[in-house]
Amino acid sequence: MGLEFDDAFIQAEEHRPKPYISEAGGIPVIDLSPIIAGEGEAFSDLVAEVGSACKNWGFFQVINHGIDGKVLERIHAAAREFFALPLEEKRRVRRGEDNPLGYYDAENTKNVRDWKEVFDFVTNESAELPATEEPGEKRTDVFWNQWPEYPPEFRDVCKEYSKEVEKLAYKLVELISLSLGLPAKRLSSFFKDDMNFIRLNHYPPCPEPQLALGVGRHKDGGALTVLFQDDVGGLDVRRKNDGEWVRVKPIHNSFIINVGDIFQVWSNDTYESVEHRVSVNSERERFSIPFFFNPAHYTNVKPLEELTSEENPARYEEYNWGQFFKARKNSNFKKLGKENVQIYHFKKALLAN
């Protein structure tokens, strides 16, 4: 791949991965097959399971999700083939500050460089974003997918995968809505002009896996993430009850789901977006494919009225999702010398009763 290890990849000592990380007591595994019936005791149990996983972990793994294993094989093969291309070929579709879609191999998380290369595309072929991150910005920029010439079937395979995973994401949002005591479709309208995007991640073998991370610790800024990973493993989740890092065990053809910052705000902290990271190893490359389910850029995010009351007042100020996303994206390209925008910057100072 052409990544040369240097100081830019070295994590601060307290954030370096330990040589051994537990897979025991991992995130809940949830069987989605009761979705087909859509009602009855098994479906109610499923909603309760999803609610419990969102509350206690912020993460869960789903099986029997309805996406054909062949679709997963095809996207995995396409990613493997694309990242095996010579660097100059991949850089023909390189992304930059003028277009955040395409290939990239120098991303920063928390101002430290990640040991990975990525390819980003939006599910609707183009995406609209505010022109700047300034409050009240009315101008927008439109970005288009940059598809490589090789492999020739790459675009079709990516489109097929995105259609399937989007359907699954809508079902999951309905389950999470129900688990919050809301109608199933309560949140669907937020995703009408969505900003959904998919990232193909490649983590090559790393000569210094004890010093670097594939992705540094972070929380996802969007609504929901649906992740497909290969059998290598490396996703670590910070367990809420004790703050320890736990490795998510790969289950063949499963998806890993996590609620992002938007759900934390919508639910008024009932559910929490949880910190996670990616560890690398010196022997095996790893591939993963997250789908980021995001509302329209003009969406203003705030706690849902149904989930706030006099006893449980709104804990967040309203903020614009497009501008939040824009500010986050800018920090991926350059070290800002400051922390990038986080939802706790919108936290209200609640008066103690």
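Asn253 counts as partly exposed, at 24% relative accessibility. Here buried means under 20% relative accessible area, exposed means over 50%, and partly exposed lies in between (1.4 Å probe, protein chains only). This is a predicted model: local features need pLDDT of at least 70, side-chain atom pairs count only at pLDDT 80 or more, and totals for chains, interfaces and linings use all residues. Residues are numbered from 1 along each chain as its sequence is written, and side-chain values use heavy atoms, with hydrogens and water left out.

Asn253 is not a glycine, yet its phi is positive, about 60°. Asn253 sits in the loop between strand E13 (245-247) and strand E14 (255-259). Helices (H or I, at least four residues) and strands (E, at least two) are DSSP runs, numbered from the N terminus. Asp269 also has a positive phi, about 75°, and is not a glycine. Its loop runs between helix H5 (261-266) and strand E15 (276-278). Asp269 is partly exposed, with 21% relative accessibility.

## A cis peptide bond

Tyr150 and Pro151 are joined by a cis peptide bond, with omega about -10°. Pro151 lies in the loop between strand E8 (140-144) and helix H4 (154-179). Most residues other than glycine have a negative phi, and most peptide bonds are trans.

## Negative patch on the surface

Asp31, Glu41, Asp45 and Glu49 gather in a surface patch of negative charge. Patch residues have over 30% relative accessible area and no salt bridge; like charges are joined within 9 Å, and nonpolar side chains (Val, Leu, Ile, Met, Phe, Trp, Tyr) within 5 Å. Areas come from the Shrake-Rupley method with a 1.4 Å probe; for residues, only the protein chains shown count as cover. A salt bridge is a side-chain nitrogen of Lys or Arg within 4 Å of a carboxyl oxygen of Asp or Glu. Asp and Glu count as negative, Lys and Arg as positive; His and the chain ends are not counted. Each charge is placed at NZ of Lys, CZ of Arg, CG of Asp or CD of Glu.

Helix H1 (residues 41-56) gives the largest share of the patch, 3 residues. Asp31 lies in strand E1 (residues 29-31). Asp31 is partly exposed, at 32% relative accessible area.

## Phe292 and its contacts

Phe292 lies in strand E16 (residues 286-293). Phe292 is buried, with a relative accessible area of 16%. Leaving out residues up to four places away in sequence, Phe292 touches Met195, Asn196, Phe197, Arg199, Asp220, Leu224 and Thr225. Contact means heavy atoms within 4.5 Å.
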